[in-house]
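Me: Please take one part of this structure and look at it closely. Give the cut-offs as you go, and keep it brisk.

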Amino acid sequence: MLRRTILIGFAAVAMMAAAPVHADTADDGAKQFVKGISDRAITVLKDNAPKAQRDETFRAILHDGFATQAIAAFCLGGYWQKASESQRQEYQKLFEDLIVQSYSQRLRSVYNGQELVFGATRPDGKTGTWVSSRFNAPANTPSEEVLWRVRRTEGDQYRVVDVVFANVSLVVTQRDDFTSILQRNGGNMDDFLATLRDKVAKLQSAA
């Protein structure tokens with residue numbers, strides 16, 4: 001459970017400014033990109049920075065390292081098409097706020113020095129790469145594989161689009177959570193946004 005919690009945080013807050021890449025170095029570049037992501041996230045935690053500084057850094061992480069807007073749309077599932085433009089804009093802001101507030105606190109409370117060890121890569125379609133990694137662990141202790149799904153954009157940059165741990169996609173899990181909320185309230189987008197606003201406000205006040 002501890003490793004899963006830490007991984008989810010890394011998936012939400014990991015950071016590295018996207019850098020130009022070329023097709024002949026895509027696999028190695030993707031691995032270095034993800035390694036940079038985990039290194040930067042770990043550095044923020046090791047520095048024991050104040051929450052405001054962590055929040056600012058983690059928000060930059062989302063902007064620079066992840067396909068945040070596309071992930072937010074995916075997590076809303078079919079309700080994305082039903083939402084108005086103003087609802088989509090508010091949702092994307094709340095999605096970002098929710099991730100930052102949730103994992104800034106969660107990572108700080110559970111992190112105790114774990115590192116990620118990186119392994120092989122494999123292609124994922126024409127522009128994607130799966131990067132394998134594992135949390136370091138004491139000898140004779142099993143360590144779950146962490147798979148990072150990376151895409152190369154039209155601008156020839158890397159972006160993380162998902163993280164899979166113990167064969168569970170964290171992006172799909174988040175989508176299922178949102179879908180469950182929307183189904184309970186009859187698919188009312190305004191009520192859903194109110195729920196997200198309440199979640200964000202509670203996280204902020206609890207800091």
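Reply: Asp97 forms a salt bridge with Lys93, with the closest N and O atoms 2.9 Å apart. A salt bridge here is a side-chain nitrogen of Lys or Arg within 4 Å of a carboxyl oxygen of Asp or Glu. This is a predicted model: local features need pLDDT of at least 70 and side-chain atom pairs count only at pLDDT 80 or more, while totals for chains, interfaces and linings use all residues. Residues are numbered from 1 along each chain as its sequence is written, and side-chain values use heavy atoms, with hydrogens and water left out.

Both residues lie in helix α6, 4 residues apart, about one turn of the helix. Helices (H or I, at least four residues) and strands (E, at least two) are DSSP runs, numbered from the N terminus. The two partners differ in cover. Asp97 has a relative accessible area of 9%, so Asp97 is buried. Lys93 is at 54%, so Lys93 is exposed. Salt bridges with shared partners join Arg59, Lys93, Glu96 and Asp97 into one network. The classes are: buried, under 20% relative accessible area; exposed, over 50%; partly exposed, in between (1.4 Å probe, protein chains only).

Side chains of opposite charge can pair when their charged atoms come close. The search of the whole structure finds 8 salt bridges. Helix α6 takes part in another one. Glu90 meets Arg197 at 2.4 Å, N to O. That pair links distant parts of the chain: Glu90 in α6 and Arg197 in helix α8 (residues 189–206), 107 residues apart. Arg197 is partly exposed at 38%, and Glu90 is partly exposed at 29%.

Asp39 pairs with Lys35, with the closest N and O atoms 2.9 Å apart. They are 4 residues apart in α2, so about one helical turn separates them. Asp39 is partly exposed, at 32%. Lys35 is partly exposed too, at 36%.

Now the rings. The whole structure holds 7 aromatic pairs. Rings of Phe, Tyr and Trp (its six-membered ring) pair if their centres lie within 6.5 Å; planes under 30 degrees apart count as stacked, over 60 as edge-to-face, and the rest as tilted. Phe33 and Tyr158 have ring centres 5.5 Å apart and planes at 45°, so this pair is tilted. Phe33 is in helix α2 (residues 26–46) and Tyr158 in strand β4 (residues 158–165), 125 residues apart. Phe33 is buried at 2%. Tyr158 is buried at 4%.

Phe95 belongs to α6 (residues 85–110) and Phe178 to helix α7 (residues 170–184), 83 residues apart in the chain. Both Phe95 and Phe178 are buried.

Two strands pair if DSSP finds at least two bridges between them. β1 and strand β2 (residues 128–135) are joined by 7 bridges. Val117 stands opposite Arg134 there. Strand β3 (residues 145–152) and β4 also share 7 bridges. Trp148 has Val163 in β4 as its bridge partner. β3 and β4 form a hairpin with 5 residues between them, and Asp156 in the turn has a positive phi of about 60°. β4 is mostly covered, with 7 of its 8 residues buried.

β4 and β5 are joined by 2 bridges. Phe165 stands opposite Val168 in β5. This hairpin has 2 residues between its strands, and Ala166 in the turn has a positive phi of about 55°. Ser169 lies in β5 (residues 168–169) and is buried at 16%. Leaving aside neighbours within four places in sequence, Ser169 is in contact with Asp162, Val163 and Val164. Contact means heavy atoms within 4.5 Å.

Last, the whole chain. It has 8 helices and 5 strands. Of its 207 residues, 46% count as buried.
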